[in-house]
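Please examine the structure shown below. The paragraphs that follow lead from a pocket to a helix and then to a single residue.

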Amino acid sequence: QALCRAARMDSRALQMAMKWVSEHRSEFRCRVLGPVAAEIKVANQQHAAFLEQHVPMFVWGAFVTCNEEDRRLLSSNMHKLNIKVDIINYTGDPDAPVAHPHGEAAQYRSLGISHTLDQVFEGP
């Protein structure tokens, strides 16, 4: 299911950026993801609405790199082509468990909370 807010972004710039990344995949050291909205799937409409309310708009259209060299390559080429997209350089451990500092959702079931936001979508 597509996220509604993602559909309102500058689709021309995103399409151009996606095409460039696809055509130049071999130049990157790691996988480049993006735009974020295209990478995730949400099965429940209510969960999608919660995500849209809590994730900043710029994130949905952002591309994600996992090292500085890839970020620089993508950024410089987007600049040369006058394509304006946000780039997030994530250098953390993608396999690390998500911390829930206020406890798991199960602790709050009596308040109507069934999930934490990281549990309601699928993505890389």
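Which helices and which strand each supply at least two residues of the lining of the largest pocket? They are helix H2 (36–39), helix H3 (45–54), helix H4 (57–60) and strand S1; helices (H or I, at least four residues) and strands (E, at least two) are DSSP runs, numbered from the N terminus. This is a predicted model, in which local features need pLDDT of at least 70, side-chain atom pairs count only at pLDDT 80 or more, and totals for chains, interfaces and linings use all residues. Residues are numbered from 1 along each chain as its sequence is written, and side-chain values use heavy atoms, with hydrogens and water left out.

The largest pocket has a volume of about 1,000 Å³. Among its 26 lining residues, Leu 33, Val 36, Val 64, Phe 121 and Pro 124 are the closest to its centre. A pocket is an open set of points on a 1 Å grid over the protein atoms alone, where a 1.4 Å probe fits, with protein on both sides within 12 Å along at least five of seven lines; lining residues have an atom within 4 Å of a point. The volume is the space filled by probe spheres set on the points, which are joined across faces, edges and corners. The lining comprises 17 nonpolar, 5 polar and 4 charged residues. Here Ala, Val, Leu, Ile, Met, Phe, Trp, Tyr, Cys and Pro count as nonpolar, Asp, Glu, Lys and Arg as charged, and the others, Gly among them, as polar.

Helix H1 (residues 11–23) buries Ala 13, Leu 14, Ala 17, Trp 20 and Val 21. These residues lie on the same side of H1 because they cover an arc of only 130° around the axis, taken from the directions from the helix axis to the C-beta atoms. On the other side, Arg 12 and Lys 19 are exposed. Buried means under 20% relative accessible area, exposed over 50%, and partly exposed in between (1.4 Å probe, protein chains only).

Asp 95, in the segment after strand S2 (87–89), counts as exposed because its relative accessibility is 68%.
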